[in-house]
Amino acid sequence: MSAQAGLAHAASDPAGDAIAEQAATWIVRLSADDAAEREQARSGFDAWQRADPRHAQEAARLQDFIDLVQGARENAGRNPRPARAALDAANAAPRRRGTARRLGTALALACLLAVPAWLTLQVYPWSYLSADLRTVAGQWQTHTLADGSRITLNSDSAVNLRFNAQRRVLELVQGEVLVDVAPDAARPFVVQTAHASMQALGTRFVVRRDADATLLTMLESRVAVRSAAQRSAHSADASIVRAGQRVRIAPQGLDAVQAVDARTVAQAWSSHQLVVDNQPLTEVLDELGRHRRGAIVYERARLEGIRVAAVLPLDDTDRALQLLVDSLPIRVRSLTAYLLWVDAAPASEK
């Protein structure tokens with residue numbers, strides 16, 4: 001069975017699909033134009049949940065969708081009409097499409113159509129759109145720079161280049177980059193993020209920018225690191241990170257240095273693989289989501305405690321997810337080609 005077929009198989013549950021479709025209808029009714037109608041919908045929704053334990057379970061399972069759609073409507077001036085139209089169009093589709101597919105279409109369109117243009121800049125901020133070099137989800141690119149250095153941008157990444165006669169600065173706007181620095185004694189090579197500055201000392205390394213910190217992984221030679229606080233204070237102090245070491249850098253300073261297998265990291269990069277060893281499943285899903293053109297939504301509370309040790313292909317996230325399904329007590333439901341739902345598998349499926 002192919003990975004895509006396996007994902008589709010996991011979604012085939014007629015009774016569950018019918019309940020999920022009812023929940024999707026309630027999602028739209030709960031944000032009607034009229035306040036009285038919304039209040040009536042709330043009472044009806046509460047009664048619907050009490051009528052059957054499966055209803056309450058489905059409502060809890062879809063809470064992320066409810067939050068997403070309601071948040072989008074609030075930012076669109078509390079106007080649910082696009083979402084209503086999407087749901088109506090999905091429900092009017094021929095029955096042969098199946099309830100799961102119509103549900104997925106309704107939810108996806110409700111989320112997309114209710115979101116105004118400003119949200120595009122939330123997903124793709126101007127700093128990304130205006131970057132000198134960038135990749136989209138699932139894309140990897142290698143560039144040879146004017147000085148002879150080579151950089152490889154991971155999925156959904158962006159950089160700015162600021163080279164002059166005094167120094168070479170690469171600003172990592174978002175995502176992850178592998179850097180192979182060409183020697184130039186007259187011009188230091190520096191990678192900057194909001195959290196740190198990393199000056200190469202003739203080296204090869206990986207830099208990843210997350211929301212709250214930067215992760216530096218050394219493959220060869222050394223890098224001199226200064227935190228954002230040190231940079232702001234114009235401090236000359238720096239921490240040296242060497243080959244085979246990894247460190248998380250927050251704005252106020254560095255965490256403890258960890259040892260890594262530089263060869264394994266380099267091989268994973270060249271093969272576009274994700275190597276995880278006893279890592280939380282939620283973190284793995286977040287990383288796979290960064291490489292996928294679409295959304296992976298999951299119930300964090302129900303997946304807590306599940307850890308992963310695996311080598312997963314980042315070029316084929318469907319296959320990566322199927323490998324997780326094959327080895328863990330989870331299921332993946334494909335609501336649309338661009339929307340996947342991951343949750344704990346029922347006892348009958350384990």
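## The second largest pocket

In this predicted model, the second largest pocket has a volume of about 1,200 Å³. Its lining is made up of 36 residues, and those closest to the centre of the pocket are Arg-208, Leu-215, Arg-246, Val-275 and Gln-279. Sorted by class, the lining contains 16 nonpolar, 8 polar and 12 charged residues.

Several elements contribute to this lining. At least two residues each come from strand 8, strand 9, strand 12 (245-250), strand 14 (258-259), helix 11 (262-271), strand 15 (273-280) and helix 12. Strand 15 supplies the largest share, with 7 residues.

## Strand 8 and its neighbours

Strand 8 (residues 204-209) pairs with strand 5 (residues 168-180). These two strands run antiparallel and are joined by 6 bridges. One of the residues involved is Glu-176, whose bridge partner in strand 8 is Arg-208. Arg-208 is also among the residues closest to the centre of the second largest pocket.

Strand 8 also pairs with strand 9 (residues 214-220), again in an antiparallel arrangement with 6 bridges. Within this pairing, Val-206 stands opposite Thr-217 of strand 9.

Side chains of opposite charge can pair when their charged atoms come close. The structure holds 16 salt bridges. One of them is formed by the side chains of Glu-176 and Arg-290, with a distance of 3.2 Å from N to O. This pair links distant parts of the chain, since Glu-176 lies in strand 5 and Arg-290 in helix 12 (residues 281-290), 114 residues apart.

Are the two partners buried or exposed? Buried means a relative accessible area under 20%. Glu-176 has a relative accessibility of 11% and therefore counts as buried. Arg-290 has a value of 15%, so Arg-290 counts as buried as well.

## Two further buried pairs

A second salt bridge brings together the side chains of Arg-292 and Asp-318, at 3.0 Å from N to O. Here, too, distant parts of the chain are linked: Arg-292 is in the loop between helix 12 and strand 16 (295-298), while Asp-318 is in helix 14 (residues 317-327), 26 residues apart. Arg-292 counts as buried because its relative accessibility is 9%, and Asp-318 counts as buried because its value is 17%.

In another salt bridge, the side chains of Arg-333 and Asp-343 meet at 3.3 Å, N to O. Arg-333 belongs to strand 18 (residues 330-336) and Asp-343 to strand 19 (residues 339-344), and the two residues are 10 residues apart. Arg-333 is buried, with a relative accessible area of 7%. Asp-343 has a relative accessibility of 0%, so Asp-343 also counts as buried.

Helix 12 and strand 8, in turn, each supply at least two residues of the lining of the second largest pocket.

Definitions and conventions: Residues numbered from 1 in each chain as written. Predicted model: local features only at pLDDT ≥ 70, side-chain atom pairs only at ≥ 80, totals over all residues. Heavy atoms only, no water. Pairing = 2+ DSSP bridges. Helix = DSSP H or I, 4+ residues; strand = E, 2+ residues; numbered from the N terminus. Salt bridge = Lys/Arg side-chain N within 4 Å of Asp/Glu carboxyl O. Buried < 20%, exposed > 50% of the residue type's maximum accessible area, 1.4 Å probe, protein only. 1 Å grid on protein atoms, 1.4 Å probe; cavity = no way out; pocket = protein on both sides within 12 Å on 5 of 7 lines; lining within 4 Å. Points joined across faces, edges and corners; volume = space filled by probe spheres on them. Nonpolar A, V, L, I, M, F, W, Y, C, P; charged D, E, K, R; others polar.
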